[in-house]
Amino acid sequence: MGKTPSKLILAGCLALTACFAGKAFAADKKWGQYQVEDRRSGYTFAAPETRAMQDDNFQNPGMLWAEIGEELWEKTEGEAGKACASCHNGPETMKGVAVSYPKYVAEKKNLENLEQRINRCRTDNMKAKPWKYESKELLGMTVFVRNQSLGMPMNVKVDGEYAPFFEKGKAFYEQRRGQLDLACKHCHEDFEGGQLRANILSQGQGNGFPVYRLKWSGVGSLHRRFRGCNKQVRSKPYGYGSDEYLALELYVMWRGRGLPVETPAVRN
Amino acid sequence: MANIKPRVRIPRKAKAGEVVEIKSLIEHKMETGQRKGKDGNKIPRKIINRFECKFEGDLVFASDWHPAISANPYLAFHMRAEKTGEFEFKWIEDGGAEYVKKAKMTVS
């Protein structure tokens with residue numbers, strides 16, 4: 001006797017669920033600034049809670065690193081008796097700087113990323129000791145400087161003297177490596193959106209770096225992420241700031257061209 | 001850990017009877033006591049084990065924390081604004097160290 005109504009209710013529930021699922025899916029397609037053509041920021045692969053953390057400047061723990069950078073901006077160091085602010089004035093002068101890194105430097109005949117640019121400023125102009133790669137100071141300053149360009153589209157050069165580095169980076173990206181014999185592209189191009197254990201594979205975009213990773217309980221650089229990825233396919237990682245990673249950084253930033261700078265982004 | 005900076009965000013002004021959101025964040029490693037260091041020995045536990053918020057000396061919110069709380073813990077809660085006064089936020093660490101932050105709110 002009671003069977004028919006309960007069946008009806010069940011059917012109704014199912015219909016409702018299907019309807020909601022359809023809606024959520026449609027909404028997921030609209031990522032606003034976080035999607036350019038088919039390029040999607042890691043933001044769009046993150047859990048809603050993680051996205052909420054990033055969206056709220058106060059809640060975003062990456063901003064603690066930006067504060068470190070903010071303090072160091074004014075701090076006089078080195079024999080030249082200068083601080084960042086002595087030459088660059090306010091941090092707002094750094095607006096738009098981050099989008100074009102890594103850059104080609106003629107005197108080095110090599111690429112240079114923002115971390116290395118900051119350190120070159122320290123050694124050449126401030127006559128101070130360079131910060132260690134992945135130190136709180138260097139990460140803090142990098143986050144702070146990149147954060148000034150928040151929301152601006154990534155735009156690295158890949159032609160002219162950049163071309164050989166771009167090709168090198170592209171080759172790295174497509175080169176199988178490690179015991180697992182996997183290239184970057186196997187996960188981040190062929191299986192983006194797929195599941196890697198409990199994680200959802202993103203496109204491996206670099207626009208949010210240095211990023212606050214919940215797993216790290218802290219901020220880490222793009223090269224740290226590269227090293228992590230390389231270790232996971234059981235290959236030997238290259239060093240921080242190595243030529244291989246600089247070329248790869250250029251290629252990865254080009255892959256994410258047009259995506260907004262999100263530093264400090266929050267990821268799982 | 002040297003220079004631990006607590007941060008709070010409260011509305012500076014509120015209307016009487018309004019429910020306001022209080023947000024807090026503290027930079028802290030929250031060392032669980034489960035990890036091993038490079039020498040193979042356990043790193044001793046050092047977490048913030050209690051958070052308290054007092055308003056004009058009255059306890060309005062408190063919570064006991066355990067090792068599963070994440071690093072750099074964020075906490076938000078709501079309270080009804082009734083009078084003008086000063087908040088005192090206190091984070092208590094294992095070993096008894098305290099980090100305190102004060103903030104004023106004007107209620108009209």
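From the N terminus on, chain B runs through its elements in the order β-β-β-β-β-β-β-β, where helices (H or I, at least four residues) and strands (E, at least two) are DSSP runs numbered from the N terminus. This is a predicted model, in which local features need pLDDT of at least 70 and side-chain atom pairs count only at pLDDT 80 or more, while totals for chains, interfaces and linings use all residues. Residues are numbered from 1 along each chain as its sequence is written, chains are lettered from A and ligands numbered from 1 in the order in which they are written, and side-chain values use heavy atoms, with hydrogens and water left out.

**Chain B and the domains of chain A**

- Chain B has 8 strands and 0 helices, and its C-alpha trace spans about 60 × 20 × 20 Å along its principal axes.
- Chain A is divided into domain 1 (33-57 + 152-267) and domain 2 (63-147), with bounds that come from an automatic or database domain assignment.
- The centres of domain 1 of chain A and domain 2 of chain A, taken over C-alpha atoms, are separated by 22 Å.
- The contact between them takes 31 residues from domain 1 of chain A and 24 residues from domain 2 of chain A, where contact means heavy atoms within 4.5 Å.

**Helices that pack in chain A**

- The axes of helix 5 (residues 114-125) of chain A and helix 6 (residues 136-147) of chain A come within 10 Å and cross at roughly 110°; axes are lines fitted to C-alpha atoms, for helices over the stretch in contact, and angles run from 0 to 180 degrees between N-to-C directions.
- Helix 5 of chain A and helix 6 of chain A are therefore roughly perpendicular to each other, given that angles under 35 degrees count as roughly parallel, over 145 as roughly antiparallel, 65 to 115 as roughly perpendicular and the rest as oblique.
- In this contact, A:L114, A:E115, A:I118 and A:N119 of helix 5 of chain A meet A:L138, A:M141, A:T142, A:V145 and A:R146 of helix 6 of chain A.
- By class, the contact of helix 5 of chain A with helix 6 of chain A has 5 nonpolar, 2 polar and 2 charged residues, where Ala, Val, Leu, Ile, Met, Phe, Trp, Tyr, Cys and Pro count as nonpolar, Asp, Glu, Lys and Arg as charged, and the others, Gly among them, as polar.
- Helix 7 (residues 163-174) of chain A packs against helix 10 of chain A at an angle of about 90°, with their axes 7 Å apart, and that makes the two helices roughly perpendicular.
- The contact of helix 7 of chain A with helix 10 of chain A has 11 nonpolar, 1 polar and 6 charged residues by class.

- On a 1 Å grid over the protein atoms alone, a cavity is a set of points where a 1.4 Å probe fits but cannot get out, and a pocket is an open set with protein on both sides within 12 Å along at least five of seven lines, while lining residues have an atom within 4 Å of a point.
- Grid points are joined across faces, edges and corners, and a volume is the space filled by probe spheres set on the points.
- The structure holds 1 cavity of 30 Å³ or more, and the largest cavity has a volume of about 90 Å³.
- Of the 13 residues that line the largest cavity, A:E115, A:F209, A:P210, A:L222 and A:E249 are the closest to its centre.
- The lining of the largest cavity draws at least three residues from each of domain 1 and domain 2 of chain A.
- The largest pocket holds about 1,200 Å³ of space and is lined by 42 residues, with A:H188, A:L201, A:S202, A:R225 and A:C229 nearest its centre.
- Helix 9 of chain A gives the most to the lining of the largest pocket, with 6 residues.
- The second largest pocket has a volume of about 890 Å³, and of the 31 residues that line it, the closest to its centre are A:W65, A:K136, A:S217, A:G218 and B:K29.
- Domain 1 and domain 2 of chain A both give residues to the lining of the second largest pocket, so this pocket lies between them.

**Backbone details**

- Most residues other than glycine have a negative phi, and most peptide bonds are trans.
- A cis peptide bond, with omega about 0°, joins A:Y101 and A:P102, and A:P102 is found in the loop between helix 4 (84-88) and strand 3 (103-105) of chain A.
- The peptide bond from A:F209 to A:P210 is also cis, with omega near -10°, and A:P210 lies in the loop between strand 6 and strand 7 of chain A.
- A:K127, a residue other than glycine, has a positive phi near 55°, and its place is in the loop between helix 5 and helix 6 of chain A.
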